[in-house]
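Subject: Structure for you to look at

Hello,

Here is the structure I promised. Please open it and keep it beside you while you read on.

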Amino acid sequence: PQFDRIKKSIMARRPARCYRVIKNKPYPKSRYCRGVPDPKIRIYDAGMKKYSVDAFPACVHLVSFEKEQVSSESLEAGRIAANKYMVKNAGKDAFHLRVRLHPFHVLRINKMLSCAGADRLQQGMRGAFGKPQGVASRISIGQVMLSIRTKDVHATKAVEAFRRAKFKFPGRQQIVQSTNWGFTKFKRDDYVKWKASGRALPDGVNAKVLSHHGLLAKRPVEHIQETAAMEYKRPLH
């Protein structure tokens, strides 16, 4: 009867500074780690995500300069902040925002009773392995967190959108304007030359460059190339 009067207090979510440091091994959701709450971020691509690779040549990245853990709540807040600014200032059909982090690491909490008579019930540090509370992403220095591809006239607006999104994340971030064409891995000058010669083909939001390898019988005539496009990652024009 005495224990029936003691009620477990409902704790608020811990501040992110409690889970910022990367410690121990990754703890993903599995058949052994059950009861994990869903991440707060459910949308990883916003804007015109189906526009061709040629629609948005400019690209801006938000790069992490710390090795830390970022919660799914802050990822969602940063996505909303950047998306809202771009929709208002550039237009909803003038950009493609992509979240490059996925929260797979499960955060734990060892719930404690905070009420009268709780000291008689609690075991202290005995059995202190906590229950799942949320999820977070583990990021390293130099890793891209968010990316926006857009038109050249809206590149400065993408920088300002990421400046506002930085306030939602712990640690330090840098805003970098990419020299590549959109989300591709090719430099802008190289992509323009390959496209003019018919060597670069659009592949959704990405692009692929035709190689000179492979069986001729399996290729269309216009895709047959005599020389390599790159040598030791250096383009050959």
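Start with one term: two strands pair if DSSP finds at least two bridges between them. Keep in mind, too, that this is a predicted model.

The sheet

Which residue in β6 is the bridge partner of Val-70? It is Ser-137. The two strands behind this are β3 and β6, and β6 covers residues 131-139. They run antiparallel to each other and share four bridges.

Three strands make up an open sheet, and their order is β3-β6-β5. The pairing is antiparallel. Two of the strands sit at the edges: β3 (68-71) and β5 (105-109). Each of these pairs on one side only. From one strand to the next, the twist averages 50°.

A helix lies against this sheet. Helix α1, residues 72-89, packs on the sheet and touches β3 and β6. The direction of α1 makes about 70° with that of β3.

The largest pocket

What volume does the largest pocket have? The value is about 460 Å³. The pocket is lined by 21 residues. Closest to the centre are Tyr-19, Lys-23, Asn-24, His-105 and Arg-108. Strand β5 gives the largest share of the lining, with five residues.

Sorted by class, the lining holds nine nonpolar residues. Another seven are charged, and five are polar.

Best wishes

Note on methods: Residues are numbered from 1 along each chain as its sequence is written. This is a predicted model: local features need pLDDT of at least 70, side-chain atom pairs count only at pLDDT 80 or more; totals for chains, interfaces and linings use all residues. Side-chain values use heavy atoms; hydrogens and water are left out. Axes are lines fitted to C-alpha atoms, for helices over the stretch in contact, and angles run from 0 to 180 degrees between N-to-C directions. Contact means heavy atoms within 4.5 Å. On a 1 Å grid over the protein atoms alone, a cavity is a set of points where a 1.4 Å probe fits but cannot get out, and a pocket is an open set with protein on both sides within 12 Å along at least five of seven lines; lining residues have an atom within 4 Å of a point. Grid points are joined across faces, edges and corners, and a volume is the space filled by probe spheres set on the points. Ala, Val, Leu, Ile, Met, Phe, Trp, Tyr, Cys and Pro count as nonpolar, Asp, Glu, Lys and Arg as charged, and the others, Gly among them, as polar.
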